[in-house]
Amino acid sequence: MSTDKTPPDLDPVIHAQARLRVVATLNVLAEGDEMAFGSMKELLGMTAGNLSVHLTKLEEAGYVRITKTHKGRTPVTFVALTRRGRLAFEEYTKQIRALLDNAGLDNAGGVT
Amino acid sequence: MVDDDRTADPEEMLRVMEEQRAATTKWLYGDPLLLYTPWGVAWLLGFTAFFLHYGLDDRSYAPISQMQALTVLMCAQLVAAAIAAFGIVRMNNLVRGDSTARGAMYGYAWMAGMILMVVICLRMGPLLPPDETGLLWAGTSLLVVGVLHMAGGALWLNWPMFFIGAWVAAVDAVGVLLGAGWHALLTAVLLGGGFVVAGVWLRRRPA
């Protein structure tokens, strides 16, 4: 409903609550690490289908790398944030903080 | 989830980001309460037993033999080690990559340190009077614990872990200088008690 309010500079791939949570989760991992899909699903409280949709969008943007492999006979999928994804998240965080700082200044000016 | 694609105001997004970061950190690295407190309890019990055996003026405060005190300490440490191993195995199933190798090397460093300590103590211990032998074992094992906590702090840029290691090293040094009875007392209270407090404090502190 408030999609139209998205300020033009904010990265639309990250500026959606579910994907923001996915990226914020992967950003905690050290560079060179990847998280099992099943673990992410559990941690984020999302269904497999739902998480897949968001991961596909992030992969299309080049923000995550998805590796399918096997552990014994069970297929396992691992997800990692790419360097590009890490930078995009950093940039997004900076912009959000800047927006909040500006808002704070405007309010302070308006009250007095 | 209905709200999946909802976008919100910056304040809300910042809050979501922070919450997710904190939740992930806690979920990945485990509960500090489970990491530190079991060791604290083990040392509190074990070294209190040793303290009662040694006493501060060469008289035992309770009829506990050195072997009995050692048994208490070892059993309690086994429980703490089992809890730590459970956490490590769990984390290995969640994440793979460079940090798996980092953790494995760190684990081997612990093993090497402990084996070397045992070798030194087995060789040197018989040359000393019984109280000093006990002090040799306790002092060298805490040397490994202190130094490897400090190294772990460096490895993961974890300041609390680094300072906990420095604290262990400092208490160990003072205790060894003062003798077996004092070493047992200081280890029980300041390290045993200290690890219990550290576990509780790190858990209550926002991640």
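Entry 1. Over the ring of which residue does the charged end of R96(B) sit? I worked on a predicted model. I found the charged end of R96(B) over the ring of F78(A), at 4.2 Å from the ring centre.

Entry 2. I next looked for a charged partner of R96(B). The side chain of R96(B) meets that of E34(A) in a salt bridge, with 2.5 Å from N to O. I noted that R96(B) belongs to strand β1 of chain B and E34(A) to strand β1 (residues 33-36) of chain A, so this pair joins two chains. For accessibility, I recorded R96(B) as partly exposed, because its relative accessible area is 28%. E34(A) stands at 9% and therefore counts as buried, the limit being under 20%.

Entry 3. I then turned to the interface as a whole. Contact involves 29 residues of chain B and 39 residues of chain A. About 3000 Å² is buried between chain B and chain A, and carbon and sulfur atoms give 58% of this area. I counted 1 salt bridge between chain B and chain A. Between these two chains there are also 7 residue pairs in polar contact, both residues at pLDDT 80 or more. On the side of chain B that touches chain A, the elements giving two or more residues are α1 (10-29), α3 (66-94), β1 (95-97) and α4 of chain B. The most comes from α1(B), with 16 residues.

Entry 4. I went on to the other salt bridges. Over all chains the count comes to 7. One of them pairs E18(B) with R21(B), whose closest N and O atoms are 3.3 Å apart. Both E18(B) and R21(B) lie in helix α1 of chain B, 3 residues apart, which is about one turn of the helix. I listed E18(B) as partly exposed at 36% relative accessibility, and R21(B) as partly exposed at 32%. I also recorded a salt bridge between the side chains of D57(B) and R59(B), at 3.3 Å from N to O. D57(B) is partly exposed, with a relative accessible area of 43%, whereas R59(B) is exposed at 53%.

Entry 5. How many aromatic pairs does the structure hold over all chains? I found 11. F50(B) and Y54(B) both belong to helix α2 (residues 32-54) of chain B and are 4 residues apart, about one turn of the helix. F50(B) counts as buried at 8% relative accessibility, and Y54(B) is buried at 7%.

Entry 6. I compared a second pair, Y106(B) and W156(B), whose ring centres are 5.0 Å apart; the planes stand at 90 degrees, so the pair is edge-to-face. Y106(B) lies in helix α4 (residues 98-124) and W156(B) in helix α5 (residues 130-156), both of chain B, so the pair ties together parts 50 residues apart in sequence. I noted Y106(B) as buried, with a relative accessible area of 12%, and W156(B) as partly exposed, with 32%.

Entry 7. Y36(B), W39(B), W43(B) and F195(B) form one aromatic cluster.

Definitions and conventions:
Residues are numbered from 1 along each chain as its sequence is written. Chains are lettered from A and ligands numbered from 1 in the order in which they are written. This is a predicted model: local features need pLDDT of at least 70, side-chain atom pairs count only at pLDDT 80 or more; totals for chains, interfaces and linings use all residues. Side-chain values use heavy atoms; hydrogens and water are left out. Rings of Phe, Tyr and Trp (its six-membered ring) pair if their centres lie within 6.5 Å; planes under 30 degrees apart count as stacked, over 60 as edge-to-face and the rest as tilted. Buried means under 20% relative accessible area, exposed over 50%, partly exposed in between (1.4 Å probe, protein chains only). A charge sits over a ring if NZ of Lys or CZ of Arg is within 6 Å of the ring centre and within 35 degrees of the ring normal. Contact means heavy atoms within 4.5 Å. Buried area is the accessible area (1.4 Å probe) that two parts lose on being put together, summed over both. A salt bridge is a side-chain nitrogen of Lys or Arg within 4 Å of a carboxyl oxygen of Asp or Glu. A polar contact is a pair of N or O atoms within 3.5 Å; within protein, one must be able to donate a hydrogen and the other to accept it, and residues adjacent in sequence count only if both atoms are side-chain atoms.
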